[in-house]
Amino acid sequence: MNRYLNIFLLLVFFTSCYYGPTPARGCVDIVVADTCYAGDELRLQIKSRRESHGDVYIFIDDSRGIEMVNIKMGKDTLLKRQFKNSGIVKIQSFVNSTLCSVKQIYISPLHAARPLSVYLGPKSIKTGGEDSTMMTIIPMDTFGNLLPDTTRVGFSIIHPDKAGTSGKDRLYGGIAAVDISGGTISGKGFAMATVGAVASREMDFLEVSGDPIDFRIKASVHSTFADGRQTFKIFSDRLVDKYGNILPEGSIVYFNCYEGNDSIRTITGYTIGGIATIYLQNPVRTGVFKVNAVTATGAESNTVVLVFNTPKFEY
């Protein structure tokens with residue numbers, strides 16, 4: 001037992017000879033402000049309270065990594081640093097391997113810088129509150145730091161019917177989000193945001209008509225002979241939603257054609273100015289020919305009934 005105790009005491013003795021006396025905790029002070037703004041010069045005063053045979057190390061830990069600075073014991077040292085990233089900077093002083101002091105500094109972001117980062121998507125929504133888009137506001141300072149959650153964000157929205165909406169919100173996690181619902185009139189709307197004196201560019205979004213209501217179709221003036229040669233057209237009324245907004249150009253309408261032999265053909269029509277049109281050829285068989293139409297969202301038309309007779313030829 002005495003042999004192990006002697007070995008331990010020898011290790012302590014040789015360690016003390018190599019490193020010198022162990023300094024007391026707090027023998028090196030770090031004098032620095034508790035907060036500063038990103039990009040400002042930060043002055044760190046390192047003060048040694050007494051002489052020592054050891055080495056003094058200053059560790060500066062920020063978002064970029066850890067910097068180690070070796071200074072002489074017993075001499076006051078001034079370090080100047082600039083931190084561009086907001087957040088916590090941790091500064092520690094060591095003498096040999098003994099921690100002496102710890103300081104934490106909060107680096108605050110600057111005010112919002114231009115251009116203000118604002119995103120809008122999707123770019124088109126349906127009228128009538130059936131759909132919505134979102135404006136996302138991410139204000140940052142000159143160095144790309146997110147602003148604190150206490151920051152107030154203003155927004156302004158103008159709908160196609162000229163009705164305006166404005167308000168304020170707070171950042172959450174550096175981001176503010178504003179829902180934009182469709183009004184009752186289709187057309188182009190505008191949205192923008194402000195943070196302090198910084199304003200975003202004006203962004204536009206499109207309010208398109210909602211789902212169409214039921215509609216009517218008609219047949220053009222045509223020959224009633226089943227000769228398989230002459231043509232006629234079937235066309236719809238102007239397709240609108242419940243607010244009277246015309247459907248966008250190119251909206252699809254399916255025309256179902258029922259011929260006398262119980263066969264069914266579906267022909268796709270596309271709206272131009274809200275009206276969908278298809279062109280058909282007179283059947284080769286006599287009898288009743290029926291046409292109705294539907295949209296992808298379930299709006300239906302009436303049924304047009306046409307009668308084709310045996311053609312008459314004069315010799």
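Which residues form a nonpolar patch on the surface? I looked this up before anything else. Ile252, Tyr254 and Tyr270 form the patch. Together they have about 280 Å² of accessible area. I note here that the model is predicted.

Tyr254 is found in strand β20, which covers residues 252-258. Is Tyr254 buried, partly exposed or exposed? I found a relative accessibility of 31%, so Tyr254 counts as partly exposed.

**Entry: the sheet that holds β20**

Next I asked where β20 sits. I found β20 in an open sheet of seven strands. The order is β18-β19-β22-β21-β20-β23-β24. The pairing in this sheet is antiparallel. Which strands stand at the edges? They are β18 and β24 (304-308). Each has a single partner strand, so one side of each is left without a neighbour in the sheet. I also looked up the turn between strands. Neighbouring strands of this sheet are turned by 25° against each other on average, direction ignored.

I then followed the end of the order at β24. Strand β23 (residues 287-295) pairs with β24 in the antiparallel sense. I noted five bridges for this pair. At one spot, Lys290 stands opposite Val305 in β24.

A reminder for myself on what holds such sheets together. Strands of a sheet pair through backbone hydrogen bonds, either parallel or antiparallel.

**Entry: the five-stranded sheet**

I moved on to another open sheet. It has five strands, in the order β2-β8-β7-β4-β5. The pairing here is mixed. At the edges I found β2 (35-37) and β5 (65-71). Each of these has a single partner strand, so one side of each lacks a neighbour in the sheet.

Now the pairs, one by one.

- β7 (residues 87-95) and β8 (residues 98-108) pair in the antiparallel sense over nine bridges. Here Ile88 stands opposite Tyr106 in β8.
- β4 and β7 pair in the antiparallel sense over six bridges. In this pair Ile60 stands opposite Ile91 in β7.
- β4 and β5 pair in the antiparallel sense over seven bridges. The bridge partner of Ile58 in β5 is Val69.

How many residues does the hairpin from β4 to β5 pass through? The hairpin joins the strands through two residues.

**Entry: two faces of β4**

I looked at β4 (residues 56-62) from both sides. Which residues make up the covered face? They are Val56, Ile58, Ile60 and Asp62. The uncovered face has Tyr57, Phe59 and Asp61. I linked this back to the pairs above. Ile58, on the covered face, is the residue bridged to Val69. Ile60, also on the covered face, stands opposite Ile91.

**Entry: salt bridges**

How many salt bridges are there? The count comes to six.

The side chains of Asp76 and Lys47 meet at 3.8 Å, N to O. Asp76 lies in the loop between β5 and β6 (77-82), and Lys47 in strand β3 (residues 41-48), so the pair ties together parts that are 29 residues apart in sequence. Asp76 has a relative accessible area of 48% and is partly exposed. Lys47 is partly exposed too, at 35%.

The side chains of Glu67 and Arg81 meet at 2.7 Å, N to O. Glu67 is in strand β5 and Arg81 in strand β6, so this pair ties together parts 14 residues apart in sequence. Glu67 is partly exposed, with 30% relative accessible area. For Arg81 I found 21%, again partly exposed.

Asp211 forms a salt bridge with Lys126, with the closest N and O atoms 2.9 Å apart. Asp211 lies in the loop between β17 (203-208) and β18 (217-219). Lys126 lies in strand β10 (residues 124-126). The pair links distant parts of the chain, 85 residues apart. Asp211 is partly exposed at 32%. Lys126 is partly exposed at 30%.

**Entry: cysteines**

How many disulfides are there? The count comes to zero. Cys36 has 12% relative accessibility, under the 20% limit, so Cys36 counts as buried. Cys100 is buried as well, with a relative accessible area of 5%.

How values were computed
Residues numbered from 1 in each chain as written. Predicted model: local features only at pLDDT ≥ 70, side-chain atom pairs only at ≥ 80, totals over all residues. Heavy atoms only, no water. Pairing = 2+ DSSP bridges. Helix = DSSP H or I, 4+ residues; strand = E, 2+ residues; numbered from the N terminus. Buried < 20%, exposed > 50% of the residue type's maximum accessible area, 1.4 Å probe, protein only. Disulfide = S-S within 2.5 Å. Patch = residues over 30% accessible without salt bridge, like charges linked within 9 Å, V, L, I, M, F, W, Y side chains within 5 Å. Areas by Shrake-Rupley, 256 points an atom, 1.4 Å probe, with all protein chains shown as cover. Salt bridge = Lys/Arg side-chain N within 4 Å of Asp/Glu carboxyl O. Axes fitted to C-alpha atoms, helices over the stretch in contact; angles between N-to-C directions.
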